[in-house]
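Let's take a friendly walk through a protein model, moving from its sheet to its aromatic rings. Keep the picture at hand as you read.

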Amino acid sequence: MTKRTAISIIIFDVNETLLDITTLDPVFKRVFGNSAALRDWFAQLILYSQTMTLSGLYTPFGDLAVGSLKMLASIHNRPLSDSDIDDLKQQMGSMPAHQDAAPALTRLRDAGFRLVTLTNSASTAAPSPLERAGLGDFFERSFSIEAVVKFKPAPETYRFVAKEMGAEMAQICLVACHLWDTIGAQAAGCHGAFLTRPHNAILPASHVPRPDFCAPDLVSLADQIIGGAQPR
């Protein structure tokens, strides 16, 4: 069975893959004096979310996001106000969609794929961040890792989605701009589609799974998946 005929469900990562986290830049420029601190904060957030899971512990992603901001401010000896924290929370809940998101989702939906999301973020009351960004109607369901209290790339997160969707792992493809996410999905038995947005790249090391699909934008990645492109 080819990759095209095997894949029927596509899981999308949300933050940075579909929603533009660079809109958080002003918060970090104000607090740290430069927007580059955003990348440091996001890396720390992912590091400690994975650390919690590996340690058998759990703290909601939003709490870790605020804690990581406080930690970074302490490391750099920068003052951090309650309004800065409130601004980060507000901005995280209202990030816009990347320009290539809706066209790519339209292509995949029209090609007959079932589309869902899986995020480290906790579920929120309506309207969700995806709904605010105008993408909510593309997805059959939206999943949060809070259901298994483990963060991606723990295999339980992807298996949970497969079970809820009544699908085999080989029928699923994860789309993400984070290689650690596609690695986790592939290790769990899914296909991996890697979006090489800025600040994300292939890790050239032995035994690191190469994504089944790889492209610099979501529309090209969607076309590869629809066409059953071979691994790159």
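Helices here are DSSP runs of at least four residues, numbered from the N terminus. With that in mind, Phe 28 and Phe 32 both lie in helix H2, four residues apart, which is about one turn of the helix. The model you are looking at is predicted.

## The sheet

Start with the strands. Six of them form an open sheet in the order E3-E2-E1-E4-E5-E6, and their pairing is parallel. Strand E3 (141-144) and E6 stand at the edges with a single partner strand each, so one side of each has no neighbour in the sheet. From one strand to the next, the twist averages 20°.

Now look at strand E5, residues 191-195. Four bridges join E5 to strand E4 (residues 172-176) in parallel, and three bridges join E5 to strand E6 (residues 213-215), also in parallel. This table shows residues that stand opposite each other in these pairings.

| Residue in E5 | Residue opposite |
|---|---|
| His 191 | Cys 173 |
| Ala 193 | Val 175 |

How many of the residues of strand E5 are buried? Five of its five are, so the strand counts as mostly covered, given that buried means under 20% relative accessible area. In a regular strand, side chains alternate between the two faces of the sheet. In E5, His 191, Ala 193 and Leu 195 are on one side, Gly 192 and Phe 194 are on the other, and both faces are covered.

A helix belongs to this part of the picture too. Together, E4, helix H9 (residues 179-187) and E5 make a right-handed β-α-β unit. H9 lies across E4 and E5 and runs at about 170° to E5.

## The core and its rings

The largest nonpolar core has 71 residues, and Phe 12, Phe 28 and Trp 41 touch the most other members. Leaving aside neighbours within four places in sequence, Phe 12 is in contact with several residues, including Leu 18, Leu 105, Phe 139, Val 175 and Leu 218.

The structure holds seven aromatic pairs. A pair of aromatic rings is described by the distance of the centres and the angle of the planes. For Phe 12 and Phe 139, the centres are 6.0 Å apart and the planes are at 65°, so this pair is edge-to-face. Phe 12 is in strand E1 and Phe 139 is in the loop between helix H7 (129-132) and E3, so to speak distant parts of the chain, 127 residues apart, that the pair links. Phe 12 and Phe 139 are both buried. Phe 28 and Phe 32 make a stacked pair, with 6.1 Å from centre to centre and 15° between the planes. These two residues, Phe 28 and Phe 32, are buried as well. One aromatic cluster is formed by Phe 28, Phe 32, Trp 41 and Phe 42.

## Two loop residues

Finally, visit two residues in loops. Glu 16 sits in the loop between strand E1 (9-12) and H2. Is Glu 16 buried or exposed? With a relative accessibility of 4%, Glu 16 counts as buried. Among the residues that Glu 16 touches, beyond those up to four places away in sequence, are Arg 39, Phe 42, His 98 and Arg 197.

Gly 33 lies in the loop between helix H2 (25-32) and helix H3 (37-54). Not counting residues up to four places away in sequence, Gly 33 touches Phe 28 and Arg 78. Gly 33 and Leu 105 are 72 residues apart in sequence, and their C-alpha atoms are 36 Å apart in space.

Definitions and conventions:
Residues are numbered from 1 along each chain as its sequence is written. This is a predicted model: local features need pLDDT of at least 70, side-chain atom pairs count only at pLDDT 80 or more; totals for chains, interfaces and linings use all residues. Side-chain values use heavy atoms; hydrogens and water are left out. Contact means heavy atoms within 4.5 Å. Buried means under 20% relative accessible area, exposed over 50%, partly exposed in between (1.4 Å probe, protein chains only). Two strands pair if DSSP finds at least two bridges between them. A crossover is right-handed if, with the strands pointing away from the viewer, the path from the first strand over the helix to the second runs clockwise. Axes are lines fitted to C-alpha atoms, for helices over the stretch in contact, and angles run from 0 to 180 degrees between N-to-C directions. A nonpolar core is a set of buried Ala, Val, Leu, Ile, Met, Phe, Trp, Tyr and Cys residues joined through side-chain atoms within 4.5 Å. Rings of Phe, Tyr and Trp (its six-membered ring) pair if their centres lie within 6.5 Å; planes under 30 degrees apart count as stacked, over 60 as edge-to-face and the rest as tilted.
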